[in-house]
Amino acid sequence: MLGRWLECVPNFSEGRDRAKIESIASAARALGAYVLNIHSDPDHNRSVVTLAAPADQIVEAVMSMIRRAVELLDIRYHVGVHPRIGVVDVVPFVPLGAATQEDSVKAAIEVASRVGNELEVPVYLYEWAARHPEYRALPDVRRLYSQAILAGNFLEPDFGPFMPHPTAGACVVGARGPLIAFNCVLGTPDVSVARRIAFRIRESSGGMLGVRALGLWLESLGLAQVSMNIVDPVKAPLHVVFERVKQLAAQEGTYVVSSELVGLMPSSVALGAASHALGLPSLSFSQLVEMSILSRRSEVNLEEFLDSLASSAPTPGGGAASALVGAIAAALSSMVANLTIGKKKYMQFEEDMRKVVASCGELRSSLLQLMHDDEEAYNALMNAFRLPKDTEEQVAARNAEIQKALIGACEVPLTIAQKCVEVLELSEYVAGNGNANAVSDAGVSALMAEAAARGALLNVYINCNLMKDSTQADGYRRRAEEIESTARSKSSEVMAIVRSRINGG
């Protein structure tokens, strides 16, 4: 159901001040990212924020959060039981939907470079993005960093200055697969028990593959905790890890009081745990009532959409309509490619046509998601306009939020337009090399993609008029004009090919 989306799970060294935590999260929301979960722990003094967005939009949202955190937090005064090397301790990117490992690595490197160069915070790349073998595992980076600091030296970063930022410290950025942060609170105040259990269960000391663990003391509960990261849920299924902790606790003469999930976990892990607990051979989404309903609600009901579009409600509007038209254009190009595949006359284009079908599928998914993103961006802008303006402080805060929301209201339609240009490029290929009997459909695809791109860009132009920062507004206008020019010329090129082939050329 998702196109090329990425999840990002930044960990911030603040788990007690709710106002600061919410301010950091709101920085991502203002740029259209979905903040899916915020998990704050006062003992760890740490907040784990889970957000998701299309791969080509998530970097700006993450950078906005990091900037806010660097402004608000000071590592010099941080106290908590969880290891950390900075106010933005770790920023991992995880591929979702049609996104790839390469997509997540690209996002990680871009964020790392900008944090190092723009914010002057030293950054270390880890996991899939690691440039040094010794930096690959996150615990190793923290260990090497701490050892260097204790020795009066500093660990050489991948980006940024050689010395720690005076208030932000350092940061680790990377790309990885799904990780489950899972904690077990023990029925004992003896932290040495938790440390022995952690030692026996973690992979590095001969325990379970894919498990990292620490034994910690929770002052708020007066109890010890086994804090774990399950970095390979296939090798270490969650329910198996939990049972093993219970066994080890029993051997220590104690028990597991409760468990805790930090952030989110993949649905397959939850289904696997439920299947095991219930003795079911298997359990799928289709067997869960709510999930089955949600999967159908996520599909676009054309009749309902058109009714909403025709109503007096401001959303959905032109942006969502443009995204839908772009998705239809992608479907038409896919149809031409599918009508070409398997035809002996076009055998030389078979492999490329299959790639076109796959690319069109990704674009359709992305554009359908962008329909919803456009509505979210509009709502964020309207919510900003509704903020109180009774005092000078309120006016200033309202104006700042409006300007932030305008960025999302420009970025989403720009993304729609860019996706439509990608559709145009595919329509050009199928128009020139696809089944001649379907070349007119390639032409319709191009015309619709051009109209969708230019329609989406109208939202950019009108929102730029509300921006106070003329430099920023001019930048968005230039981007929009470049995309519009490309869409116009590409559509003309496709139509020339279509007319030529229709006329026997």
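The paragraphs below walk through this structure, from its inside to its surface and its charged pairs.

A word first on what you are looking at: this is a predicted model, in which local features need pLDDT of at least 70, side-chain atom pairs count only at pLDDT 80 or more, and totals for chains, interfaces and linings use all residues. Residues are numbered from 1 along each chain as its sequence is written, and side-chain values use heavy atoms, with hydrogens and water left out.

Let us start inside. A residue is called buried when its relative accessible area is under 20%, exposed when it is over 50%, and partly exposed in between, using a 1.4 Å probe and protein chains only. A nonpolar core is then a set of buried Ala, Val, Leu, Ile, Met, Phe, Trp, Tyr and Cys residues joined through side-chain atoms within 4.5 Å. The largest such core here has 104 residues, and the members that touch the most others are Leu51, Val62, Ile66, Val91, Phe93, Val111 and Val173. Helix α12 (residues 392–433) gives the largest share of this core, 17 residues. Helices (H or I, at least four residues) and strands (E, at least two) are DSSP runs, numbered from the N terminus.

Now look at helix α5. Which of its residues are buried? They are Val191, Val193, Ala194, Ile197, Ala198 and Ile201. Looking down the axis of α5, you will find these buried residues within an arc of 155 degrees, so they line one face of the helix; the arc is that of the directions from the helix axis to the C-beta atoms. The buried residues of α5 pack against β8 (180–186), β9 (211–218), β10 (223–230) and α6.

Next come the charged pairs. A salt bridge is a side-chain nitrogen of Lys or Arg within 4 Å of a carboxyl oxygen of Asp or Glu, and the structure holds 25 of them. One joins arginine 196 and glutamate 252, with the closest N and O atoms 3.0 Å apart. Arginine 196 is in helix α5 (residues 191–201), while glutamate 252 sits in the loop between α6 (238–251) and β11 (256–262), so the pair ties together parts 56 residues apart in sequence. Both partners are partly exposed: arginine 196 has 40% relative accessibility, and glutamate 252 has a relative accessible area of 25%.

Arginine 454 and glutamate 484 make another salt bridge, their closest N and O atoms being 3.4 Å apart. This pair links distant parts of the chain, since arginine 454 is in helix α13 (residues 439–464) and glutamate 484 is in helix α14 (residues 470–502), 30 residues apart. Arginine 454 is partly exposed at 29% relative accessibility, whereas glutamate 484 is buried at 16%.

A salt bridge can also sit within one helix. Glutamate 118 pairs with arginine 114, with the closest N and O atoms 3.0 Å apart, and both lie in helix α3 (residues 101–118), four residues apart, about one turn of the helix. Glutamate 118 is partly exposed, at 43% relative accessible area, but arginine 114 is buried, at 16%. These two also belong to a network in which salt bridges that share partners join Glu60, Arg67, Glu110, Arg114 and Glu118.

Back in helix α12, find glutamate 411. This glutamate is buried, with a relative accessible area of 18%. Contact means heavy atoms within 4.5 Å; leaving aside neighbours within four places in sequence, glutamate 411 is in contact with Tyr476 and Arg479.

Finally, a look at the backbone. Most residues other than glycine have a negative phi, and most peptide bonds are trans. Against that background, the peptide bond from threonine 315 to proline 316 is cis, with omega near -5 degrees. Proline 316 is in the loop between α9 and α10 (318–340). Asparagine 45 is not a glycine, but has a positive phi of about 50 degrees. You can find asparagine 45 in the loop between β3 (34–41) and β4 (46–54), where it is buried with a relative accessible area of 5%. Glutamate 120, also not a glycine, has a positive phi of about 60 degrees. Is glutamate 120 buried or exposed? At 53% relative accessibility, glutamate 120 is exposed, and its place is in the loop between α3 and β6 (123–127).
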